[in-house]
Amino acid sequence: MGILAGFMVPHPPMIIPQVGRGSEERVKKTIRAYEEVAKQIAALQPETILISSPHTVMYADYFHISPGKRVKGSFADFGAPGVYFEEEYDTSLTEQIEELAGKRHFPAGTMGERGKLLDHGTMVPLYFVHQKYRDFQLVRIGLSGLDLMKQYEMGQLIREAVERTGRRAVYIASGDLSHKLQEYGPYGFAPEGPQYDERIMDVCSRAAFGELFEFDENFCDKAAECGHRSFVMMAGAFDGQQVEARQLSHEDVTGVGYGICAFYPKGPDASRYFLKAYYRKAEEKLQTQKEQSDAYVKLARKSLESFIRTGKRIEVSQDLPEEMLGKRAGVFVSIHEHGRLRGCIGTILPTTDCVAQEIIQNAISASVRDPRFDPIREEELKWLEINVDVLGEAEEIASEEMLDVKRYGVIVKSGYKRGLLLPDLDGVDTVSRQISIARQKGGIGPEEPVTLQRFEVVRHF
């Protein structure tokens, strides 16, 4: 039958009466909306409920699907051990998802199980569903640290598995909104918090799922959102479908955003293949950037592409600009893929005879030797954004007041330990944060005395 409906829901434990003990009265709108969701699910009578949760097993590069036949859980950690769950997993559907992932070399499956009990991101929705309906099996899916497009692809894969097994299924995307909506909230306030809530509720109330890709990762981090990846995964399960959306509630009374929406597929719609459209636009944009990039970036791209495809390092061409051949300097090569860092390696001081050689060397290192990432694969090359920073001479400074995060990079030194951070980086808005990150990169503790240097860069795109 396929996925009959999807629901975007929050998961605050305090909404459970035995946990909230009266405080749940503060979120009556959310409770009433949750009860409506349960009522709609009962009317659909699904055989299987799929729940994606930010609080089950999560890996940076892998989607974990809970294995086994049965699972238990309770709100004991929240002072309510009497609220107890024992659910049966849909093993056939889980096996189908894992089989499809394996055939497509997609990073999803049942390996790496830990913490086998149900998480609260799963139990809160189940609590309300159980009030109206119990005749279903469960599939529990974790999110991943991969980009938003991969979350969407996971949703597509889930839907295909559901259709292959012929299940009547409902998808619940569990996730709170921003955790930084009020000063009195548990995480304080950030201006990005209300902005995120307003945007996500607008997008979801229109089922404008293509716009989910437009949420910048740094913006989401500053908003301290919880469920965005869960919502994107659910959206992928409705790819190519006309969707009727209805906002049931949105509340901000605890400093955390709680939003509930219902989504019903209404048949094929060729205009709603959002991932294909995203990739098409991204490819066109990147092609324009490649054509407009300067000699520094073109050399970095040529160097890493040649090495990844052939394993060979290119030679320095003598037709490069003179400043690349006759000047020595430290160089950083940064690589991004779909807006996320994919590799960055550089040299503070020159280690080769000229800037061109420094670029060739560091482009290769950034693409295959950055210890934070797997080596870049050939199929990723067309999606890479590259920039090259040529460092100016570092100068000693007496205090933090002589820094400017937009203009100057910083070098933090303590004995033999040294950490560097480039200027004008996304998410680095203050000098204190710039220095803190540089300390971390150099393995320098927050209380260790340091000396500071600053430097300017010429950034090439």
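In which crossing, right-handed or left-handed, does α10 pass α12? The structure described here is a predicted model.

The protein chain contains 13 helices and 18 strands. Its radius of gyration is 25 Å, close to the 23 Å that the globule rule gives for 461 residues, so the chain is as compact as a globular protein of that length. Along the principal axes, the C-alpha atoms of the protein chain fill a box of roughly 75 × 45 × 35 Å.

An open sheet is formed by six strands, arranged in the order β7-β2-β8-β1-β10-β9, and its pairing is mixed. The edges of this sheet are β7, spanning residues 137-142, and β9, spanning residues 241-251, each of which pairs on one side only. With direction ignored, neighbouring strands of the sheet are turned by 20° against each other on average. Within the sheet, strand β2 (residues 48-53) and strand β8 (residues 168-174) run parallel and are joined by five bridges.

A helix pair is formed by α5 (residues 148-165) and α9 (residues 274-292), which pack at an angle of about 150° with their axes 10 Å apart. Since angles over 145 degrees count as roughly antiparallel, that value makes α5 roughly antiparallel to α9. The crossing in which α5 passes α9 is left-handed. On the side of α5, the contact is made by M149, Y152, E153 and Q156, and these meet F274, L275, Y278 and Y279 of α9. By class, the residues of the contact of α5 with α9 comprise six nonpolar, one polar and one charged.

Another open sheet consists of four strands in the order β12-β11-β13-β18, and its pairing is antiparallel. Strands β12 (340-346) and β18 (457-460) form its edges, each pairing on one side only. From one strand to the next, the twist averages 20°. Six bridges connect strand β11, residues 331-337, with β12 in the antiparallel sense. Among the paired residues, E337 has R340 of β12 as its bridge partner. Helix α12, made up of residues 355-368, lies across β11, β12 and β13 (384-391) and runs at about 40° to β11.

Helix α12 also packs against α10, which covers residues 295-310; the axes of the two helices come within 8 Å and cross at roughly 50°. That angle makes α10 oblique to α12. As to the question posed at the outset, α10 passes α12 in a right-handed crossing. The residues of α10 that make the contact are Y296, L299, A300, S303, L304, F307 and I308. Those of α12 are V355, A356, I359, I360, A363, I364, S367 and V368. In terms of residue class, the contact of α10 with α12 has 13 nonpolar and two polar residues, and no charged ones.

Further local features concern individual residues. A positive phi of about 55° is found at A224, although A224 is not a glycine. This residue lies in the loop between α7 (217-223) and α8 (228-236). Residue K441 belongs to helix α13, which spans residues 431-442. Apart from neighbours within four places in sequence, K441 is in contact with G419, L420 and L421. The C-alpha atoms of K441 and K285 are separated by 32 Å, and the two residues are 156 residues apart along the chain.

Key. Residues numbered from 1 in each chain as written. Predicted model: local features only at pLDDT ≥ 70, side-chain atom pairs only at ≥ 80, totals over all residues. Heavy atoms only, no water. Pairing = 2+ DSSP bridges. Axes fitted to C-alpha atoms, helices over the stretch in contact; angles between N-to-C directions. Contact = heavy atoms within 4.5 Å. Parallel < 35°, antiparallel > 145°, perpendicular 65-115°, else oblique. Left-handed = near helix turned anticlockwise from the far one by under 90°. Nonpolar A, V, L, I, M, F, W, Y, C, P; charged D, E, K, R; others polar. Rg over C-alpha atoms; globule rule 2.2 N^0.38 Å.
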